[in-house]
Each structure stands twice: as structure tokens, then as C-alpha cells.
Amino acid sequence: MIELLQSELAEIAAVRIAVSESNFNSWFDKSGIKARFKKACMQQQRLRCCYCRKFKDTTNNNEWDLEHVLCEQWYPQFFATPGNLAVACKQCNIAKNQADVLLPQPRPDPRLEELPIESHRYSIPHPWIDDWDAFLSHVNYQVYRSDSEKGLALIKLCKLNKIAVEEGGLNYDTVAAAVKTEFFELVDNAIDPPPLDAEVLERVARLTDNLQELQVDARLRALGRTLATLARGAAKRTAEQAVIEAGRIACNEGLAEVSASVTNLVQAQPEPIDAYPLAAPPAQGASILPEPSS
Ligand SMILES: [Zn+2]
């Protein structure tokens with residue numbers, strides 16, 4: 001799982017107390033924190049979607065979606081919680097949409113404060129808690145199979161067999177039910193001309209994987225350098241700057257009251273703000289964050 005930097009946590013805390021939940025979310029979406037975090041996820045996930053595992057040969061933030069495992073609509077409190085975030089491809093993110101994957105259903109407590117970290121609380125394999133390979137296998141990232149309820153739930157939710165299903169003209173629910181044991185028999189009968197033998201497809205998939213791993217390594221080396229630069233930039237920011245920025249956001253969005261309260265917070269320095277991880281008030285003009293460790 002990716003962690004946020006200390007300076008980013010302080011920045012988030014400062015903005016959280018300054019603006020409303022929806023404004024906080026739109027701020028986070030545009031923030032450098034989210035941009036850096038997405039890149040860190042790309043590195044950790046080796047440029048593979050957290051759900052379909054397809055490799056994407058790019059580190060461009062616009063090409064990846066930041067996926068909220070527990071979706072924004074039902075669990076806004078986990079909008080910026082690292083354990084709830086991973087990068088996904090656009091197809092999977094669109095297919096999953098606002099589906100609620102927390103168990104048991106119906107939701108017992110939509111306002112729960114702690115992000116659940118137990119595998120059994122999720123209806124699909126969780127990007128950070130579960131081992132994807134323990135739940136699913138695939139052939140050339142087009143035909144996915146699973147022997148588990150969780151794996152089948154993911155196949156269905158993210159429409160992982162979409163290409164095979166659409167090209168074969170099959171009914172999606174039929175395929176979702178059949179992938180467990182008889183998918184190839186079903187495809188053999190339904191697609192003309194028949195697809196290659198499953199074993200040949202699997203060999204091609206392995207070769208493709210090997211080639212992709214070489215591409216991934218090259219991309220990740222460059223990504224590592226970008227991340228180091230982004231982390232240094234984030235560490236230089238102070239929480240005071242974050243508060244000022246929060247005020248600016250509030251001002252831009254026409255939130256006069258919030259803007260005024262943020263201005264008060266800034267002017268109240270060097271009084272400590274509860275949200276800051278500080279033992280004592282900082283000296284006048286000093287950074288109110290601990291010195292960056294690097
Ligand atoms: Zn995907």
C-alpha cells in the first residue's frame with residue numbers, strides 16, 4: 001500500500017478543516033498530492049490496472065484513474081485514504097462505477113470511521129489486501145477465469161471478459177456463470193472461426209507478459225526519478241502554506257465564510273492548530289512541520 005508523505009498529511013488536514021467535504025474532494029482531485037500519489041501507485045502496481053491487471057505503457061496521470069475501492073458516493077470519508085486508493089484503467093473504473101463492494105450488504109454503517117482492512121469485508125479481491133493471482137487467472141488479458149466467488153464477482157463487476165463476450169456475441173451473464181469450468185467449451189461452440197487452443201493462447205500470454213516486464217522495468221526507472229522529485233517538492237511545503245492555499249480555494253469557490261475562517265487561522269499563528277502533528281507551537285516565521293528527513 002502507498003502511504004502519503006508527512007507534509008501531505010498536514011496539508012490534507014489543513015484543507016479538511018477549512019473547506020466543506022465536496023470542496024475538499026474537488027481540491028484533492030486537482031492537488032499535487034493526488035498526482036504524486038497516482039504515480040506512486042503506478043510504481044507499486046508496476047503499471048498494471050488493479051482489477052484487470054493489464055499493463056499500460058505510460059506514466060501519464062491522465063491515462064490512469066485513481067480508483068476508490070469503497071466508492072466516493074457511499075464512502076466520502078475515505079476519499080483521500082491511502083488504503084482505499086489504487087490506480088485502475090479507464091475501462092475497469094467505468095465498469096465498476098459506484099458499485100458498493102463492502103460486505104455484508106446491505107451496508108450496516110455507511111459512516112464507518114475506520115477503513116476495513118479484512119479481506120472478507122470486500123466482495124472483490126482488494127488491490128492491497130488480497131493476492132490477485134490467488135483469485136483469478138487470465139488468457140491474454142481477454143479471457144479471465146476464477147474458481148472463487150470473489151474472482152467471479154470481479155469478472156462480472158469490471159466486465160473483464162468484455163472483449164471475448166462482445167466478439168463472441170455471447171450473453172454476459174451466461175459467460176459469467178460459465179467461466180468457472182466450461183468457458184472454453186462455450187466459446188468453441190459460439191465463435192466462428194473457433195479460437196486457438198487454450199494452451200496455445202496461454203503460451204502467447206506468457207510471451208506477452210515477458211515482453212511487457214522488460215517495458216515495465218524501463219518505465220519504472222524513469223518513474224522512480226520523477227517520484228523522487230515530486231516527494232522533495234512535497235516535503236518543502238509547509239502546513240502554513242497549505243492553510244493559505246485552502247483559503248485561496250475557498251475564496252475562488254466563493255465561500256466567503258470559509259475564506260474568512262481560514263484567514264483567521266493563518267493570522268492566529270503561531271498558535272498551534274489541532275490538526276497539525278505538533279507538540280509545541282512553532283517559533284514565529286518557522287515552518288510548522290517537522291524538518292523533512294531527507
Ligand atoms: Zn483494468
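Predicted model: local features only at pLDDT ≥ 70, side-chain atom pairs only at ≥ 80, totals over all residues.
Over residues 268–294 the pLDDT stays under 50, and in that stretch the model has 31 contacts beyond four places in sequence. The protein chain averages a pLDDT of 78, and 72% of its residues score at least 70. Among the elements of the protein chain, helix α12 (residues 256–267) has the lowest confidence, with a mean of 54, while strand β2 (residues 85–88) has the highest, at 98.

Next comes the overall make-up. The protein chain contains 12 helices and 4 strands. It has 294 residues, of which 30% count as buried. Of the contacts in the protein chain with a separation of 6 or more, 62% are between residues 24 or more positions apart.

Which residues have the most contacts inside the largest nonpolar core? They are Val15, Tyr51 and Ala88, in a core of 50 residues. Two or more residues of this core come from each of α1, α2 (21–30), α3 (32–44), β2, β4 (143–145), α6, α7 (162–168) and α11 (239–252). In soluble globular proteins, nonpolar side chains tend to be buried together.

The buried residues of α1 are Ser7, Glu8, Ala10, Glu11, Ile12, Ala14, Val15 and Ala18. Val15 is also one of the residues with the most contacts inside the core.

Strand β2 is another contributor to the core. In a regular strand the side chains alternate between the two faces of the sheet. Both faces of β2 are covered: Leu85 and Val87 are buried on one side, and Ala86 and Ala88 are buried on the other. Strand β1 (residues 65–68) pairs with β2 in the antiparallel sense, over 4 bridges. Aspartate 65 stands opposite alanine 88 in β2.

Leaving aside neighbours within four places in sequence, tyrosine 51 is in contact with Ala88, Cys92, Leu154 and Cys158. In helix α6 (residues 149–157), the residues Lys150, Gly151, Leu152, Leu154 and Ile155 are buried.

Helix α6 is followed by lysine 159, which is found in the loop between α6 and α7. Most residues other than glycine have a negative phi, and most peptide bonds are trans. Lysine 159 is not a glycine, yet its phi is positive, at about 50 degrees. Is lysine 159 buried or exposed? Lysine 159 counts as buried because it has 21 C-beta neighbours inside 10 Å, and the cut-off for a buried residue is 20 or more.

Asparagine 97 has a positive phi too, of about 55 degrees, although it is not a glycine. Its place is in the loop between α4 and α5. Asparagine 97 has 10 other C-beta atoms within 10 Å, and is therefore exposed; the cut-off for that class is 12 or fewer.

The loop between α4 and α5 also holds proline 104 and proline 106. The peptide bond from leucine 103 to proline 104 is cis, with omega near -5 degrees. The bond from glutamine 105 to proline 106 is cis as well, with omega near -5 degrees.

Alanine 134 is exposed, because 12 other C-beta atoms lie within 10 Å. Between alanine 134 and serine 146 there are 9.1 Å in space, C-alpha to C-alpha, and the two are 12 residues apart in sequence.

The last stop is leucine 230, in helix α10 (residues 198–236). With 18 other C-beta atoms within 10 Å, leucine 230 is partly exposed. Which residues does leucine 230 touch, not counting residues up to four places away in sequence? It touches Arg36 and Lys39. The C-alpha atoms of leucine 230 and arginine 36 are separated by 6.4 Å, although the two residues are 194 residues apart along the chain.

How values were computed
Residues numbered from 1 in each chain as written. pLDDT = per-residue confidence, 0-100. Contact = placed C-beta atoms within 7 Å. Core = buried A, V, L, I, M, F, W, Y, C linked by C-beta atoms within 7 Å. Pairing = 2+ DSSP bridges.
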